[in-house]
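Hi,

Here is the structure I promised to pass on.

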Amino acid sequence: MCLCVPKFLGAFQMRRAFFYQMCRGMSDIGLFYILLPPFLESKVMKKKFFYAGVFCLWASGCLAQLNVQLHYDLGHKMYGHAIASRQHLTATVENFSADRWGSTYFFVDADLGDNVLRGAYGELAREFQTAKMPVAFHVEYNGGLSYGSGHGDGYAFGDAYLAGMAYNWNGKDFTKGFSVQALYKYTAKSGPYCHGWQLTGVWRYGFLKGLCSFTGFVDLWHDNRVNGNLVLVSEPQFWFNLAALKKVSDDFRLSVGTEVEISNNFVYTEEGCNNRFLAIPTLACKWEF
């Protein structure tokens, strides 16, 4: 994603998670999406924190990127009844665009159940940064709806509003980089728990000439309602990018891989508790437009 300023970087928080992607070929190191981030649980939103980072490659010239992902959740096979109502499939549509004042990122996650769309969750983020600014100013909105059990018990997630600063760094060849964010978070209709803070770290590392990429994020935020008053969510991803193979066309932009949702005090079980550690992998594919 070329912003015409090599140090002009944006980092967007967004869910869990996560699309971290680099454009391949000449634009392989032009843009990466940090997916994140958490999606929808039956009793709480499984929030994917999505981050978008701009890595300026003068030859790239692309100003927007659209990405579609499909994840098959393997948590049922690992934890059985504890998360029995968790979705099996999650579809994600994400878009990133940049201009001379900064960048805009949004995504929508769809929780796919038995013959029904069980829920939808989305985030919209904007970063402001000029060539002379060492850090970016970040604002964001999160919200969504849940189908519930299908017996009139659907509900809306508490709207969340975030604002803060982001510091971004890239290696000289743009194949590796990281972002650190410090954010204030306001969660609507949460009574005395509406005010909070969140720290976010994002990384990416591409290797084997763009064939593979290892990306991820880690989020830590304060919540007085959980054990230890802290919630941790991390979603490392590994992608195998088929377009980087010699006998595959550059415009066959399919990637296959996996994501692991690592969390503590986050995912709600069937007992209605979110006070345990879980590591839930997925099988995933992704197509870039």
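Asn 229 sits in the loop that runs between β12 (212-222) and β13 (230-234); strands here are DSSP runs of E, at least two residues, numbered from the N terminus. This is a predicted model, where local features need pLDDT of at least 70, side-chain atom pairs count only at pLDDT 80 or more, and totals for chains, interfaces and linings use all residues. Residues are numbered from 1 along each chain as its sequence is written, and side-chain values use heavy atoms, with hydrogens and water left out.

Most residues other than glycine have a negative phi. Asn 229 counts as partly exposed because its relative accessibility is 31% (buried is under 20% relative accessible area, exposed over 50%, partly exposed in between, with a 1.4 Å probe and protein chains only).

Lys 189 also has a positive phi, about 55°, and is not a glycine. Look for Lys 189 in the loop between β10 (176-187) and β11 (195-207). With a relative accessible area of 87%, Lys 189 is exposed.

Then there's Trp 287, in strand β16 (residues 277-288). Its relative accessibility is 29%, so Trp 287 counts as partly exposed. Leaving out residues up to four places away in sequence, Trp 287 touches Leu 66, Asn 67, Val 68, Asp 251, Phe 252, Arg 253 and Leu 254 (contact means heavy atoms within 4.5 Å). Ser 255 is 32 residues from Trp 287 in sequence, but the C-alpha to C-alpha separation is 6.5 Å.

Cheers

Note on methods: Helices (H or I, at least four residues) and strands (E, at least two) are DSSP runs, numbered from the N terminus.
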